[in-house]
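Reader: Please show me how to read the boundary between two parts of a protein.
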Amino acid sequence: MNLNDIGHSILDETSTPEALRAALDAFVELCVGVTGIQPDVSFDAWADDSMLPSGVAINPKAAAHCVVDYQRSVVFIRSVYAAITTMEADYPDTNLQVLYAGCGPYATLLLPLLDRFTGRGLNITLLDIHQRSLDSVALLLERFECSHHSIQLINCDACNYRPTQQFHLILSETMQKSLEQEPQFAITANLAPYLMTGGVFIPQCIEVELCLANLANEKVLIDRLPKLAHIGLKATKQRHRLATVLTLSPERAAYQLLTAQYQARTDKIELAPTIVDIPILPNVAAMDLVFFTRICVFKQYKLEDYECEITLPLKYYGLPTLSGGERFDVSYQLGSYPKFNIEPH
Ligand SMILES: C[S@@+](CC[C@H](N)C(=O)[O-])C[C@H]1O[C@@H](n2cnc3c(N)ncnc32)[C@H](O)[C@@H]1O
């Protein structure tokens with residue numbers, strides 16, 4: 001499979017899950033052949049990650065491994081294609097300015113599409129904190145002859161990057177489930193102000209919801225149901241929704257960051273807390289407090305619960321067994337390891 005076939009298969013809405021997996025596996029094989037960077041889950045490779053002031057930037061091999069979070073990759077690549085196509089129509093006679101923050105070693109969310117925008121060419125800025133990833137992307141751009149686009153590679157922290165221009169499209173996928181660990185929030189807050197009026201930030205919105213749920217029961221459902229897309233719906237019926245504890249969107253992120261405050265009790269800078277009341281339910285002691293993540297990547301392209309690694313549920317540990325009637329402050333903590341924290345109100 002060549003790069004063009006791979007892009008075609010991913011964008012084809014009739015492709016089966018098997019065909020999509022095969023296309024992404026073929027993409028990895030092509031990239032490994034050119035760059036020598038092998039994907040690796042890197043669960044024990046913290047040494048190669050970069051601990052930045054606003055979150056962890058995962059190492060190049062782990063970033064390469066993101067390709068095989070299949071549904072994530074498919075939905076993001078389709079979104080990027082749809083966004084660029086929409087903007088080509090909205091801005092005729094303009095070379096679109098695209099910023100891809102955290103491109104990793106394969107520029108996965110853009111590279112399989114570059115052949116499709118040969119007409120006008122794009123002005124692309126690819127940015128990553130790891131020079132090794134940028135060197136890898138440079139090899140891929142040369143191999144796949146992308147010279148009809150104007151592309152610059154920048155090695156810096158996207159949370160501090162101060163571009164001298166505005167962009168039509170800004171793209172960043174620097175997150176884990178429930179926005180823990182990686183700096184998606186800080187990157188969105190820093191870069192969204194550089195979006196042109198009418199421009200698109202991908203992902204458009206990320207929502208984290210706190211629920212009472214029984215994850216063991218949900219696991220039984222998942223094992224039984226053949227189709228992942230149905231799980232969220234079925235499981236939702238058995239959950240007790242408590243609150244949306246964070247909505248991350250380019251419109252609001254910079255303001256949320258500006259209004260974040262130092263909290264002496266946790267010694268962290270936190271976004272304004274959400275107050276959550278635990279209902280008195282007969283089975284509350286057996287339930288887990290769980291964060292669920294949903295992503296609107298672009299318009300109809302969405303990632304729901306369980307559809308990919310970055311929308312898996314995250315159970316909160318660190319509170320005594322619930323009895324009902326408790327009131328908590330739920331805050332998103334910024335810093336080198338961003339995460340949610342729950343304290344008695
Ligand atoms: C989760 S990987 C995603 C890789 C690729 N974009 C994809 O979607 O498959 C995140 C990438 O963003 C980079 N990154 C994370 N935080 C960053 C930051 N603050 N500034 C620049 N790059 C960052 C990491 O080095 C890594 O390459």
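Predicted model: local features only at pLDDT ≥ 70, side-chain atom pairs only at ≥ 80, totals over all residues.

Reader: Into which domains is the protein divided?

Author: Domain bounds come from an automatic or database domain assignment. Here they give domain 1 (3-204) and domain 2 (206-344), with 26 Å between their centres, taken over C-alpha atoms.

Reader: How many residues of each domain are in contact?

Author: Contact means heavy atoms within 4.5 Å. On that basis, 37 residues of domain 1 meet 36 residues of domain 2.

Reader: What area do the two domains bury between them?

Author: Buried area is the accessible area (1.4 Å probe) that two parts lose on being put together, summed over both. For domain 1 and domain 2 this is about 3100 Å², 72% of it on carbon and sulfur atoms. K177, F185 and Q204 supply 25% of the area that domain 1 buries against domain 2, more than any other three residues.

Reader: How many residue pairs are in polar contact between the domains?

Author: A polar contact is a pair of N or O atoms within 3.5 Å; within protein, one must be able to donate a hydrogen and the other to accept it, and residues adjacent in sequence count only if both atoms are side-chain atoms. Between domain 1 and domain 2 there are eleven such residue pairs, both residues at pLDDT 80 or more.

Definitions and conventions. Residues numbered from 1 in each chain as written. Heavy atoms only, no water.
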